[in-house]
Amino acid sequence: KTDVAEDIESEYTNLYQYLSSVIEKVPAGSNGVMFTPWLHGNRCPFEDPNARGMFYNLSIESGKSEMIRAVVEGVCMHMRWMLETQDKKTKTSDTIRFVGGGALNASTCQILADCTGRVVETVASPQNVGAVGAAVLIAVNAGIISSVQDAKKLIPVSKTFTPDMEAKKVYDKYYEVYKNLYASNKKNFENLNS
């Protein structure tokens, strides 16, 4: 009999593929399970070094698949909260250019689009954008590229994710609960972590 770990390694080429396969089987809202990603306090949109991550609303029916999806949704909810807070001072773009390792996962990109109600764009090799940015600055300084704005032509959008408005309805309902989790637990965080 084949080991389960060997089956997973032969079926998926990277962790993001496995993550996608797991969370795609769970509906938007993770069957009511929520996660707050404040594992080391939080700085935006509220500053609280005592805040901590938590799973909320677990039941006997909750499984690891719901918990994995809830982690991704919690991060996307937090991104929504930051964007909405920033919009109160300066209007942000209606389109999110999503980069970094998380942007390798199409499921995460779609959840971000659904959660925020914004179009999400990714580029090729999104995990390497920092290095590309450094190369662009060097190229501008060396005169190879005339300006940083010219770099847009060199870094085209590779994928676009548009919000699923049915999923957004679920996230809108859960978003209010998500924000209340901090307000309801602020004193508890202080008591446990100060």
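## The sheet

Three strands form an open sheet in the order S3-S4-S5, with mixed pairing. Strands here are DSSP runs of E with at least two residues, and helices are runs of H or I with at least four, numbered from the N terminus. Two strands pair if DSSP finds at least two bridges between them. S3 and S5 are the edge strands, each pairing on one side only. On average, neighbouring strands of this sheet are turned by 25° against each other, direction ignored.

S3 and S4 run parallel and share three bridges. Isoleucine 96 has valine 120 in S4 as its bridge partner.

## About the model

This is a predicted model: local features need pLDDT of at least 70, side-chain atom pairs count only at pLDDT 80 or more, and totals for chains, interfaces and linings use all residues. Residues are numbered from 1 along each chain as its sequence is written, and side-chain values use heavy atoms, without hydrogens and water.

## Helix H4

Helix H4 spans residues 106-116 and is mostly covered. Nine of its 11 residues are buried, meaning under 20% relative accessible area with a 1.4 Å probe, protein chains only. Among them are Cys109, Leu112 and Cys115. Their cover includes helix H3 (64-87), strand S4 (119-123) and helix H7 (165-193).

Asparagine 105 caps the N-terminal end of H4. One of its side-chain oxygens lies 2.8 Å from the backbone nitrogen of serine 107. Just after H4, glycine 117 takes a positive phi of about 75°.

## Asparagine 50

Asparagine 50 sits in the loop between strand S1 (34-36) and strand S2 (54-56). Asparagine 50 counts as buried because its relative accessibility is 15%. Leaving aside neighbours within four places in sequence, asparagine 50 is in contact (heavy atoms within 4.5 Å) with Phe189, Glu190, Asn193 and Ser194.

Terms used
Buried means under 20% relative accessible area, exposed over 50%, partly exposed in between (1.4 Å probe, protein chains only). A polar contact is a pair of N or O atoms within 3.5 Å; within protein, one must be able to donate a hydrogen and the other to accept it, and residues adjacent in sequence count only if both atoms are side-chain atoms. Axes are lines fitted to C-alpha atoms, for helices over the stretch in contact, and angles run from 0 to 180 degrees between N-to-C directions.
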